[in-house]
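Notebook open, structure loaded. I'll jot down what I looked up, entry by entry.

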Amino acid sequence: MRAVVYDRYGAPDVLRLEDVEPPVPNEDEVLVKIHATTVNRTDCGWRSAKPFIVRYFIGLLRPKRKILGMELAGEVEAVGSAVSEFHVGDEVFGVKGFGAHAELTCMRESAPLAHKPTGTSFEEAAAVCDGACTALSRLRRADLQKGQTVLVYGASGSIGTASVQLAKRHFGAHVTAVCNTKNLELLRSLGADAVVDYTQEDFTKNGETYDVIFDAVGKHSFRRCRHSLKPGGIYVATDGVHNFVWWLWTSRVGDKRAAFGIAKYKKEDVLLVKELIEAGKYRAVIDRTYPLEDVVEAARYVETEQKTGNVVLSVDGSRAR
């Protein structure tokens, strides 16, 4: 099968398309023929091994796993003897740690994998799970409640566009989205009650306060945002070591808190997102689509940090757009 592989850390150029041996499913696994996957900032972080600490998880000197890719949508090619939920030919979508930048991959039946939402393309289904599952875990970490106010910083990215939709249409919160000028209307269409153009206004200085501030890109900090939190408010971020320090501090001092944690991908969350998509309450946001062989160009674009929503790789060979 064709797969994008890398055997050393570095810039996008370390990625290359190769023919490799296809995986064989164990008795509790399904073999998925992938039609679409994505390139996200986690893929880029694993590939570059930055920050350096990630090497302790993925390989100190060189990557232990040579095929990146987290999100996928495709068809079940084969099933293990113990699998009952899926059958050959089923259209599926899901998320995993590695291995989706390939024509085939194996996933456990119990993994974050579900039947593809009715009426969605493979490209749309592939561009859902990572952002949505991460957003769900963070918003739950913040204990977001119906009627509360939440500000999403970095609202136009993969996690940000997911957070705006989920906070409004699933949690029932009042949502303020912070993004650049070109994405203001997009965020309104996704359900944002208010939008802030960060090129024109600093939300930390406008006097507004919120129950929850969600930094979906890991570029802010509790220290900068604390005066924009209501009493008892919580700041939650996707990453940033400095936010871990503030989590330790605020767990003991004051009534405003910083939350920090690692996103968990759960099957029940993939099933929830499927229901929301089919109910018209959630949609994938896709910036660009590249063929698998243009993965280097796709990774370079993701690293500009200017993408809106998701960048998709078409394993079927669709042209970039």
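Cut-offs for burial first: buried is under 20% relative accessible area, exposed is over 50%, and partly exposed lies in between (1.4 Å probe, protein chains only). This is a predicted model, so I keep local features at pLDDT of at least 70 and side-chain atom pairs at 80 or more, while totals for chains, interfaces and linings use all residues. Numbering runs from 1 along each chain as its sequence is written, and side-chain values use heavy atoms, with hydrogens and water left out.

Entry: Thr308. Is threonine 308 buried or exposed? I count threonine 308 as buried because its relative accessibility is 10%. I find it in the loop between helix H10 (295-302) and strand E15 (310-314); helices (H or I, at least four residues) and strands (E, at least two) are DSSP runs, numbered from the N terminus. Serine 156 sits 152 residues away in sequence, yet the C-alpha atoms are 5.4 Å apart.

Entry: Tyr56. I looked in helix H2 (residues 55-58) and found tyrosine 56 there. Tyrosine 56 counts as exposed because its relative accessible area is 59%.

Entry: the sheet. I read an open sheet of six strands, ordered E10-E9-E8-E11-E12-E13, with parallel pairing; a pair needs at least two DSSP bridges. Strands E10 (194-197) and E13 (257-259) are the edges, each pairing on one side only. Three bridges join E12 (residues 229-237) to E13, and I see valine 236 opposite alanine 259 in E13.
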